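Thanks for coming. I will take a few minutes on one structure, so please have the sequence and the model in view.

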Amino acid sequence: MAENKRTETTEGRRERKRRQTRERIEQAAMTLFLQRGFEATTIEDITEAADVSKRSFFDYFPSKEEVVFAWQDAFADRLMAAIAARPADESSVTAVEAAITATVIASVDEPGLARGDLIHRTPALKARDQLKYAKLEQKLAEALLLRKEGDPLERPRMRVLAAIVIGALRVGAELWQQRPPSASPQDFAREIFTDLWKMLAEFGDEAKTRR
């Protein structure tokens with residue numbers, strides 16, 4: 001019994017140490033990226049600032065780019081958790097709007113804004129940034145389908161809804177870069193969704209007219 005307890009404690013300490021090391025590398029890298037610029041910062045600069053070996057860096061991140069985008073997995077996980085937490089009897093449209101709004105607002109802090117600005121002004125990162133939307137779309141579709149108890153008949157509808165919403169999120173992220181300094185993330189997200197549902201209704205009316 002005592003042996004099992006020691007093993008669990010050791011494993012807990014090991015995981016905690018790995019998390020702390022990863023966070024230290026990420027923090028050191030982001031500090032240097034914001035101070036010097038992404039291109040001007042080398043992996044050697046990061047390992048020296050984080051007090052880790054180059055080998056340790058690659059144990060956690062395959063490249064400099066992955067340090068910048070480490071937040072994406074966490075964002076997707078939080079989004080899926082937010083979808084799962086919505087009331088079961090809530091419509092998919094209401095659930096997805098509430099979940100994405102809450103997840104985006106939670107991510108719009110000072111480090112998040114600084115990271116977004118870095119990506120926006122660095123061409124190599126800006127191109128890489130577009131890949132996240134495909135992953136988000138897939139994860140969102142999966143989360144929405146789970147709310148339908150995996151009903152295969154709902155899969156196409158949930159995939160379409162996820163594609164539409166993530167497309168709006170992509171456009172919203174671009175518009176956010178042009179926001180006035182006093183813009184509220186919550187109001188901005190609400191406006192994006194209001195415009196989205198309105199446009200979809202208008203497109204539906206146009207389609208009916210053509211028939």
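Predicted model: local features only at pLDDT ≥ 70, side-chain atom pairs only at ≥ 80, totals over all residues.

Helix H5 (71-85) and H9 each supply at least two residues of the lining of the largest cavity. How much space lies in the largest cavity? About 80 Å³. The count of cavities of 30 Å³ or more comes to one.

A word on how such space is found. Rolling a probe the size of a water molecule over the atoms shows where empty space is left.

Next, the open space. The largest pocket holds about 950 Å³. It is lined by 39 residues, and the closest to its centre are Trp71, Val108, Lys132, Ala173 and Trp176. Which helices each supply at least two residues of that lining? They are H5, helix H6 (92-107), helix H7 (110-121), helix H8 (123-129), H9, helix H10 (155-176) and helix H11 (185-210).

Lysine 132 belongs to helix H9, which covers residues 131-147. Is lysine 132 buried or exposed? Its relative accessible area is 11%, and the limit for buried is under 20%, so lysine 132 is buried. Its side chain makes a polar contact with the side chain of aspartate 129, at 3.2 Å. Leaving aside residues up to four places away in sequence, lysine 132 touches Trp71 and Gln72.

Now the aromatic residues. A pair of aromatic rings is described by the distance of the centres and the angle of the planes. In this model the count comes to four aromatic pairs. One of them joins phenylalanine 33 and phenylalanine 38: the ring centres are 5.0 Å apart and the planes are at 55°, so the pair is tilted. Phenylalanine 57 and phenylalanine 61 form another tilted pair, with 6.0 Å from centre to centre and 45° between the planes. Phenylalanine 57 has 0% relative accessibility and therefore counts as buried. Phenylalanine 61, at 1%, counts as buried too. Phe57, Phe58 and Phe61 form one aromatic cluster.

Charges also sit over rings here. The charged end of lysine 64 is over the ring of phenylalanine 38, 4.3 Å from the ring centre. Arginine 128 lies over the face of phenylalanine 69, and there the distance to the ring centre is 4.7 Å.

On to the backbone. Most residues other than glycine have a negative phi, and most peptide bonds are trans. Which way does aspartate 51 go, positive or negative? Its phi is near 60°, a positive value. Aspartate 51 lies in the loop between helix H2 (43-50) and helix H3 (54-60). With a relative accessible area of 66%, aspartate 51 is exposed, because the limit for exposed is over 50%. Glutamate 149 has a positive phi as well, near 55°. Its place is the loop between H9 and H10. Glutamate 149 has 77% relative accessibility and counts as exposed.

One more residue, back in helix H5: alanine 74. Its relative accessible area is 32%, so alanine 74 is partly exposed. From alanine 74 to aspartate 45 there are 29 residues in sequence and 25 Å in space, C-alpha to C-alpha.

I will finish with the chain as a whole. How many helices and strands does the protein chain have? There are 11 helices and zero strands. The C-alpha atoms fill a box of roughly 65 × 50 × 30 Å along the principal axes. The protein chain has 211 residues, of which 34% count as buried. Among contacts between residues at least 6 apart in sequence, 66% join residues at least 24 apart.

That is what I had to show.

Methods:
Residues numbered from 1 in each chain as written. Heavy atoms only, no water. Helix = DSSP H or I, 4+ residues; strand = E, 2+ residues; numbered from the N terminus. Buried < 20%, exposed > 50% of the residue type's maximum accessible area, 1.4 Å probe, protein only. Polar contact = N/O pair within 3.5 Å; in protein donor to acceptor, adjacent residues only side chain to side chain. Contact = heavy atoms within 4.5 Å. Phe/Tyr/Trp six-rings, centres within 6.5 Å; stacked < 30°, edge-to-face > 60°. Lys NZ or Arg CZ within 6 Å of the ring centre and 35° of its normal. 1 Å grid on protein atoms, 1.4 Å probe; cavity = no way out; pocket = protein on both sides within 12 Å on 5 of 7 lines; lining within 4 Å. Points joined across faces, edges and corners; volume = space filled by probe spheres on them.
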